[in-house]
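Good morning, everyone, and thank you for making time for this. Let me put the structure up, and then we can go through a few parts of it together.

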2 protein chains.
Amino acid sequence: MKIETKIEHFNEPLYLESGRIFSSFKLAYETYGELNADKSNAVVVCHALTGSHHAAGRYDGDTKAGWWDSLIGDGKAVDTTKYFVICVNIISSPFGSTCPLDIDESRGKEYRMRFPVVVISDVVNAQRRLFERLGIKKAHAIIGGSLGGMQALCFAIEHSDFCDRVIALATTYATQAWAIAFNKIAIEGILNDPNFDNGNYDKEAIKENGLTGMAIGRMAGHISFLSPHSTKSKFDRKYVDTDGLYELKGRFEVDRYMEYNGYNFSKRFDPLCYLYIAKMMNVFDCTRHYDSLKDALAPIKAKLTLISFSGDMLFMPREMREIYDSLVDMGRKNMVEYIDISSDYGHDAFLVEVEKFDFYIKRALEWKK
Amino acid sequence: MKIETKIEHFNEPLYLESGRIFSSFKLAYETYGELNADKSNAVVVCHALTGSHHAAGRYDGDTKAGWWDSLIGDGKAVDTTKYFVICVNIISSPFGSTCPLDIDESRGKEYRMRFPVVVISDVVNAQRRLFERLGIKKAHAIIGGSLGGMQALCFAIEHSDFCDRVIALATTYATQAWAIAFNKIAIEGILNDPNFDNGNYDKEAIKENGLTGMAIGRMAGHISFLSPHSTKSKFDRKYVDTDGLYELKGRFEVDRYMEYNGYNFSKRFDPLCYLYIAKMMNVFDCTRHYDSLKDALAPIKAKLTLISFSGDMLFMPREMREIYDSLVDMGRKNMVEYIDISSDYGHDAFLVEVEKFDFYIKRALEWKK
């Protein structure tokens, strides 16, 4: 299938939870498969913090496929011969949707640090506008992991009539202090890097050289995506061949992995966008407008599938389990399934161990209403 | 008791594992209690990465006691009416023992980045020199947590005739990739801070202003000292009262905690010393000169007590358990005890939950040879 990014412009206001307003906005997205005649086969895929709408397939001439390509495609668990899959770049992300680097039309200048804080509910509201425009009144399913799982849960709660099935992986009902602490390293690293210049950095220079503060922050992120077990099996105590054990700057292989990933990341992801999306993750709490988790879950009408990973150090399995237990307590056992996948890959498992859970996704997509 | 730091100078070479040599060195230390006539009641306490030889008691006019004051003192588990307790500042640490800020006599200038990498074995060898000078031929016991636990294990293995009892808490036999990854954040933060100036920073300016890169690295350290459970019970999702939820720079309480501790720490601890001690921790592997963990443990003659903490995210309980299992396999069940303390405090538990394990320390000190 030919893969291409589409951009949809909305010349209409988007009211944000913060009280601020986008007078217009745009969304980048991709689709895979065909929308059927009654527009009932849409599967919405939601991406994570640094992901994009490029969830599957390859662009012309590209060797690397979309981030969930092993899950989505013809004959795969999310079968594009049956489903019309759509993935929308979240607002605040640098891959085509409205973001801090866009022109704030009221000022004729880039938003930069004047960009409003956008929350998961806002991101999901914006996606609904796109689906309306495409004539999709109801999704067959919503699927997402990590920050994408937050979007999926938000769809289930705040757009209950839109969702028949919701599948949330490696996520939580409210970002916990432990995850907020990990994000702090990146936030503090970015804000304090002199080259960040309070958001007025030269974009091209960052693409060329990266931003050290963000690279270091991202290294902390990588710790949270891994696990004690996965770091041991991947790196153990292997030392970089060319480095001296008794040299102060000598490195273990795990050090080199972090450097490589941290510095590369800082060249390919915009630091302001990172700040805004980390904030979005931190602020996420689906219980905020409710008295309790149970109150928050009460509006859900979708069949809900929750998948956690045993070694996830960012969003612990018990956080997903709490959602399940609450729904069972509420007498909704028939509408929720919870699966804890045994994995040594930590949080990354939802991206790298698709073969361990794609069966559950397939089954969840076939769950009879 | 009157507490004071003593400094002992050694005008004799100390040969380091790296092949480098200190032609002279000094050690800062404190003692509590009285050495008995046959010098058989010495209990050596080993401190952690950012700790010091000030393990117990209060200096004149000081309100804050030493870091293990709840464990050490008259009538406490490490009873100074019975034992002569001695705690030595490790070489590389900024609190009085030879460190990178001292004058390298061969050059007449401060060592700075020319300081040699010092490993746990070196630190322990230096301590032995002091004990010899004090006439202590054998210690009643060695106790240490975290980096101090590494010293304790090193004493047990490499100075087996010196040790009757060794008690190691919240530590490991070899620093694992997960812990090395956490240290990487601090190392990278320090090395890349422009004010670090490749080790040529102005010491007084750092004391005054701190070093942002080290502060951020220390924040990552704080994550590893805590646990998902302790951050939740301590901070939950509480937001700083005066900050706006929808402001980009608005903070959760856990953010404020990390800022407070990170920035304060960076004013009170020298960044070069931090680099060298983090390296020391990373390099620690008591199996390095042996074929296996069992081989490494074979020389131990002391009664060994291993205490881990269930929520420790830096050195996992299973790392201590491996030592125990190896010794049991080797038919040494009668000389080792392993206790896993249930704790929500993570790695910090060895400092903050003394009441949960002081009984075991007391018992270990009374373990008949």
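Which feature does UniProt place at residues 41-209 of chain A? The unreviewed entry gives "domain: AB hydrolase-1" there, with the caution that such annotations may be inferred rather than shown by experiment, and with positions given in the numbering used here. The end C-alpha atoms of that span lie 44 Å apart, and it is 29% helix and 17% strand, where helices (H or I, at least four residues) and strands (E, at least two) are DSSP runs numbered from the N terminus.

Please keep in mind that this is a predicted model, in which local features need pLDDT of at least 70 and side-chain atom pairs count only at pLDDT 80 or more, while totals for chains, interfaces and linings use all residues. Residues are numbered from 1 along each chain as its sequence is written, chains are lettered from A and ligands numbered from 1 in the order in which they are written, and side-chain values use heavy atoms, leaving out hydrogens and water.

Turning to chain B, 8 strands form an open sheet with mixed pairing, in the order E1-E4-E8-E5-E11-E12-E13-E14, and two strands pair if DSSP finds at least two bridges between them. Strand E1 (6-10) and strand E14 (336-341) of chain B are the edges, each pairing on one side only. Within this chain, strand E4 (residues 25-32) runs antiparallel to strand E8 (residues 84-88), and 4 bridges join them; Tyr32(B), for instance, has Val85(B) in E8(B) as its bridge partner.
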